[in-house]
Amino acid sequence: MIGRSPGEAGGATVPSPSVRLRDRGLRATSNRRQILHLLGSRDAHLSAAEVYEALRRTGERVDPATVYRTLEVLTEVGLAHAVDGPGPKRYGDGSAPHHHAVCRRCGAVKDLPLGGLADAARHIEELTGLRPDASGAMLFHGLCGACSG
Ligand SMILES: [Zn+2]
Ligand SMILES: [Zn+2]
């Protein structure tokens, strides 16, 4: 018997931030829970500064250094992932592996589902021997709609 709480909203299979943190041996501090929740609830990938701003607006007591350190810790244990781009690193939720499309000019990051690129991933492996790692992260660079328009 696993102590899973019944009636989780919407039958979501992703456990709550507290559970995910404790599973990785991390204390479920308020900052960590808030940051994990924030990453999971946005489609976008956020820079440390954007995470800090978003938390401040919710009234959470944080400082930028703590936000940055927390994002690094979450990335180390696989609860989040970081995408390097032009500009600051952007962080995303780590629960569902995906590829990334990154704008070369503004650094905006978009998710690319694994399924849609299975053929491309296979071709790339045939041609180069390179295969996506555990995070599934293939990185594509280009110009986003705003920057190319
Ligand atoms: Zn991502
Ligand atoms: Zn752009």
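Reader: In what order do the 3 strands of the open sheet with mixed pairing lie?

Author: The model is a predicted one. Strand E5 (109–112) and strand E6 (139–142) stand at the edges, each with a single partner strand, so one side of each has no neighbour in the sheet. From one strand to the next, the twist averages 25 degrees. The pairing is mixed, and the order is E5-E4-E6.

Reader: Is histidine 99 buried or exposed?

Author: Histidine 99 belongs to strand E4. A residue is buried if 20 or more other C-beta atoms lie within 10 Å of its own. Histidine 99 has 20 C-beta neighbours inside 10 Å, and therefore counts as buried.

Reader: What distance separates the C-alpha atoms of histidine 99 and leucine 117?

Author: Along the chain, histidine 99 and leucine 117 are 18 residues apart.

Reader: What is the strand order in the open sheet with antiparallel pairing?

Author: The edge strands here are strand E1 (46–47) and strand E2 (80–83), each of which pairs on one side only. E1 is joined by 2 bridges to strand E3 (residues 90–93), and these two run antiparallel. The order of the 3 strands is E1-E3-E2.

Reader: Which residue of E3 is the bridge partner of leucine 46?

Author: The strands concerned are E1 and E3, which are joined by 2 bridges and run antiparallel. The bridge partner of leucine 46 in E3 is tyrosine 91.

Reader: At about what angle to E2 does H4 run?

Author: Helix H4 consists of residues 64–76. H4 lies across both E2 and E3. Its direction relative to E2 is about 110 degrees.

Reader: How are H2 and H4 oriented to each other?

Author: The axes of helix H2 (residues 30–41) and helix H4 come within 10 Å and cross at roughly 70 degrees. Angles of 65 to 115 degrees count as roughly perpendicular. H2 passes H4 in a right-handed crossing. The two helices are therefore roughly perpendicular.

Reader: How many nonpolar, polar and charged residues does the contact of H2 with H4 have?

Author: From H2, the residues involved are Asn31, Arg32, Ile35 and Leu36, and they meet Thr66, Val67, Thr70, Leu71 and Leu74 in H4. By class, this contact has 5 nonpolar, 3 polar and 1 charged residues.

Reader: How do H3 and H4 stand to each other?

Author: The axes of helix H3 (residues 48–57) and H4 come within 9 Å and cross at roughly 120 degrees. The range for a roughly perpendicular pair is 65 to 115 degrees, and that for a roughly antiparallel pair is over 145. The crossing of H3 and H4 is right-handed. H3 and H4 are therefore oblique.

Reader: How do the residues in the contact of H3 with H4 divide by class?

Author: In H3, the residues are Ala48, Val51, Tyr52 and Leu55; their counterparts in H4 are Pro64, Val67, Tyr68 and Leu71. The division is 8 nonpolar, no polar and no charged.

Reader: Which residue follows H5?

Author: Helix H5 spans residues 118–128, and of its 11 residues the number buried is 0, so this helix lies largely in the open. The residue after H5 has a positive phi, near 80 degrees. That residue is glycine 129.

Reader: Which pattern do the helices and strands follow along the sequence?

Author: The chain has 6 helices and 6 strands. Of its 149 residues, 22% are buried. Read along the sequence, the pattern is α-α-β-α-α-β-β-β-β-α-β-α.

Methods
Residues numbered from 1 in each chain as written. Chains lettered and ligands numbered in written order. Predicted model: local features only at pLDDT ≥ 70, side-chain atom pairs only at ≥ 80, totals over all residues. Helix = DSSP H or I, 4+ residues; strand = E, 2+ residues; numbered from the N terminus. Buried ≥ 20, exposed ≤ 12 C-beta atoms within 10 Å, placed from the backbone. Pairing = 2+ DSSP bridges. Axes fitted to C-alpha atoms, helices over the stretch in contact; angles between N-to-C directions. Parallel < 35°, antiparallel > 145°, perpendicular 65-115°, else oblique. Left-handed = near helix turned anticlockwise from the far one by under 90°. Contact = placed C-beta atoms within 7 Å. Nonpolar A, V, L, I, M, F, W, Y, C, P; charged D, E, K, R; others polar.
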